[in-house]
Amino acid sequence: MSHATTAPHETHHDAHYPGGIMRWLTTTNHKDIGSMYLTFALIMFFVGGAMILAVRAELFQPGLQLMQPEFFNQLIGIHALVMIFAALMPAATGFANWQIPLMIGAPDMALPRINNWGFWLLPPAAILLTLPFLLAVFGIGDGALNTGWTMYAPLSVQGGIGVDFAIFSIHILGISSILGSINVIVTIFNLRAPGMTMMKLPIFCWGWLITAFLLIATIPVLAGAVTMLLTDRHFGTHFFNAAGGGDPILFQHLFWFFGHPEVYILLLPVWGLMPHVLATFSRKPMYGYKAQVYSFIAIGLLSVVVWAHHFFTAGLPVPALLYFMYSTMAISLPLAVLFFCWIATMWKGAMSFETPMLFAQGFIIMFGVAGLTGLVLADVAADAQYHHSYFVIAHFHYALFAGGIMGVMTGVYYWLPKWTGYMYDEKLGKLHFWLTVISFNLTFMPQFFLGLAGMPRRIPDYALQFTEFNAISTVGAMILGFSQLIFAWNIWKCARGHANGLAPAEGRAWEGATGLEWELSSPPPHHSWEVQPDLRQPGA
Amino acid sequence: MKTTHRFVRHRLPLALSAFSAALTALTLPASALADYSWNFPPPVTPIARDTLNIHNEFMLIITGIFVVVFAIMAYSMFKHRKSVGHQPAKFTGPMGRLQWIWALVPFAILLFIDFVVMGIPAFHAVIEMEDTKTKADMVLKITGMQWKWQYEYPESGVKFISNMSTPRDQIANKEAKGENYLLEVDNEVVLPVDKKVRILLTSTDVIHTWWVPQFGVKRDAIPGFLRETWVRIEEPGVYRGQCAELCGKDHGFMPVVVRAVPEPEYAAWIEKKKAEQEAAAAGSDKTWSKDELLAKGKEVYEAQCSACHQPDGKGIPPAFPALSGSKIVLGPLLSPEGKLIRDSHVDRVLNGKEGTAMQAFKATLNDVELAAVITYERNALGNSKGDLIQPAQIKALR
Amino acid sequence: MSLHPTPYAFDEAELARRRSASRRMAWLIGLAAALIYIGGFFLQR
């Protein structure tokens, strides 16, 4: 790679970096920041996982064995917030940081310093969220947020300091997400290589672009809702108090106006990376690029107009029930386009089944379960039975674990050779996949039946008829949780590939991979694309 | 690369059979229990029957879609593999009219399933479910409160609170769990069969959700607002459910038990309840001895207060303060003129404290119960203030 | 799609121009987000 066309001082940039911790505190390099996001996400994935394993252990048998209901209520809510805001979203932002500049032929993200800020807001936010656990040990306050992650007023108005900590944490997390989104949008709009039109943009970038717009539109609404909650708690306002002319249901509207798009915020980056993986391991170009892009846009638009299906039991007027039912059902159409394109991409290819491909296919099948159960959940009448039950818990874990987290794992295995320069341990990867997929189903399939039998969610103890399925679910969860240590070990091993004697990865780490990122060396040079690739047709 | 394909050829079937073995293992202990539930419990109202039919139909449809779609994918995974020498095609979209038709047919089918096969029955079910206002035979008002339900029959004025009756020792695994563990109450709500009961819901503190799975009814109880739903129970029996919206500490211990009986039996029960209530109201005019108040107060304390303030009165600070040695409890009872003192013990019990789980008990307890529990708290739980308050004094404060 | 890097690159001036365009756009998006946030408080039930 020649440096001739860029300013000469840039070539010495590595040397200007401070060493040690300061390097990471001050870095503006998209690859460093991407790695920090991904590492942070992995750590928080284990923190959130440990919380829910404690919950599952409590639910192994009827009766209270390990904890009191107060602590149980704190664990379930913080588990959700940690997994969503501190594991899944940072992981997706990590992908964006690493991959978008590589994929569009840019030297870095457009706003590198904002990028650094976006990341360094996360650790304090995570600390704020979990600190009340520790404070309670020292006798200050009564623990963390105890209302579930939905923070419904007036329960959250009643809560202790944990609620205030969560409100501040959410503000900081929100600012971080908005900064990240701004960076993605302006980078994609301004730093594409010459000749890369929007309809030639890699589909992963399209997925992230829609996610970024959704974040910009909905995070301020969540921030507004929790600010109102804060003023209701401490400054005598009555946004959510009927006695003062407010309405508790207003909070649910505001929360889910953010909360439903949030589901797609978590999933769009994954839907974006899937076609790349499927095409690579099918050795065939992806099917229906345009159809997928338009589906992303359609899902993005639909996602902001279906929110009230999260509280069908709250007593909405009939026309509202019907509208939200039918609009929710409509999402199945663009989603079906995506499934069709994924399967058509594999169709008549020459498939091989390396770990990323296994994860991608596992993702498609289990995310299918989530999509189809989502379709029946949209039905208001049947929803009266499913709502607030374990059926819903099973449904959204098929969407967000099998869909979100397994999608992230697909991406990690797919790009790990590019990031580290070494091929990860394929045997460990496959072991990780099979353990994950089997124990995941063992954990969540029984929860569908628990929900149908009438077990409400968020209860620390349950009636005797729910015993067997809960026991099975807990065994599954333990296997699922501990299997993830293989994942962490595999990444660690790959990151230190030289010391572990792993094979170096070529620039094009996968035989069937196409796209700009594979034109660079593995790992890519310090300034990713110092010379812009030119995608214009010769003579055009 | 070679090892990869060997894995798929030899170990993929192995892994799949291990997976199905796991699934079988999953079903084994359950099938050992003959009455184990894989679906909704037996429906006893028209709504629940509708819901079950819709659910069964929809499950069949989505299972069908799942099998067809992933059979196609599985076929591709076995046929279009590099290891069997399949040469990759190059297409990136539908080519030619035939392929366009193939690509569009699934969406036409899905559109039809969504809005016709599923959409039409769903529409009728919603309309029926929300039909609360026509031809109601009676009204039942349900008030959710942390962590119990209050039931009120406006026509006859009968009103009572229903608390979970499962002993705390069963929850703490100190004694064997009963048959209806966590799903049993001290006062069951009684309803007549074959009558359309219009149910009004509200709450005094946070949002609760009233749910009886066999009725197919789940509706939120929202503080400051009325929500409604309806049931027509078709078979006599005892039906159990519980609160479905996280409402704080004892959310898991807030069961609903409905006893459905034939009309005459219901009428007799209402008369009995009415008589009980009148007897209790008469008690507020007589003068009670301290021992009588303490005995009654202990009963009330254990049913209403001990969940938060704990049976020994030590509470769970800071959310649930201790009553033992509390400044408020040991403060003055009433002003010299017999008036309420702001933020005193009596004020707290009667009017609650806004923004906390401490509710206004004057709405749910009668004069005798209030006087008894106040007297009890001042002279038990490690306190020995020595004074007492008469039901008549409470009555004067209302 | 031709993927061969050619000597063409955004020169220093072009890159600077694109970065300042990015900054302007970032302020605009940030402003939009702030407006949504503030607008929410004027919501009437």
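Start with contact range in chain A. Take contacts between residues at least 6 apart in sequence: 82% of them join residues at least 24 apart. Keep in mind that this is a predicted model.

Now the overall make-up. Chain A has 18 helices and zero strands. The C-alpha atoms fill a box of roughly 70 × 50 × 50 Å along the principal axes. Of the 540 residues, 66% are buried.

Next, the annotation. UniProt, in an unreviewed entry, puts "domain: Cytochrome oxidase subunit I profile" at residues 24-536 of chain A. That stretch is 69% helix and 0% strand. Its end C-alpha atoms sit 37 Å apart.

Let's zoom in on one helix pair. Helix H4 of chain A covers residues 69-104, and helix H6 of chain A covers residues 122-137. How do their axes cross? At roughly 170 degrees, coming within 11 Å. Angles over 145 degrees count as roughly antiparallel, and H4(A) and H6(A) are therefore roughly antiparallel to each other.

Who meets whom? From H4(A) we have Ile78(A), Leu81(A), Val82(A), Ala86(A) and Pro90(A). On the H6(A) side they meet Leu122(A), Ala126(A), Leu129(A) and Thr130(A). By class, that contact has eight nonpolar residues, one polar and no charged.

Leu129(A) leads us to another residue. Phe165(A) is in contact with Leu129(A), and also with Leu128(A), Leu131(A) and Pro132(A), leaving aside neighbours within four places in sequence. Phe165(A) itself lies in helix H8 of chain A, residues 161-190. Is Phe165(A) buried or exposed? The cut-off for buried is 20 or more other C-beta atoms within 10 Å. Phe165(A) has 21 C-beta neighbours inside 10 Å, so Phe165(A) counts as buried. One spacing to note: Phe165(A) and Thr218(A) are 53 residues apart in sequence, and their C-alpha atoms are 21 Å apart in space.

Last item, the interface with chain B. Here 88 residues of chain A are in contact with 96 residues of chain B. Which element gives the largest share of the chain A side? Helix H17 of chain A, residues 426-453, with nine residues. By class, the chain A side has 55 nonpolar, 21 polar and twelve charged residues.

Technical notes
Residues are numbered from 1 along each chain as its sequence is written. Chains are lettered from A and ligands numbered from 1 in the order in which they are written. This is a predicted model: local features need pLDDT of at least 70, side-chain atom pairs count only at pLDDT 80 or more; totals for chains, interfaces and linings use all residues. Two residues are in contact if their C-beta atoms, placed from the backbone, lie within 7 Å. Helices (H or I, at least four residues) and strands (E, at least two) are DSSP runs, numbered from the N terminus. Ala, Val, Leu, Ile, Met, Phe, Trp, Tyr, Cys and Pro count as nonpolar, Asp, Glu, Lys and Arg as charged, and the others, Gly among them, as polar. Axes are lines fitted to C-alpha atoms, for helices over the stretch in contact, and angles run from 0 to 180 degrees between N-to-C directions. Angles under 35 degrees count as roughly parallel, over 145 as roughly antiparallel, 65 to 115 as roughly perpendicular and the rest as oblique. UniProt positions are given in the numbering used here, feature names are shortened, and annotations may be inferred rather than shown by experiment. A residue is buried if 20 or more other C-beta atoms lie within 10 Å of its own, exposed if 12 or fewer, and partly exposed in between; C-beta atoms are placed from the backbone.
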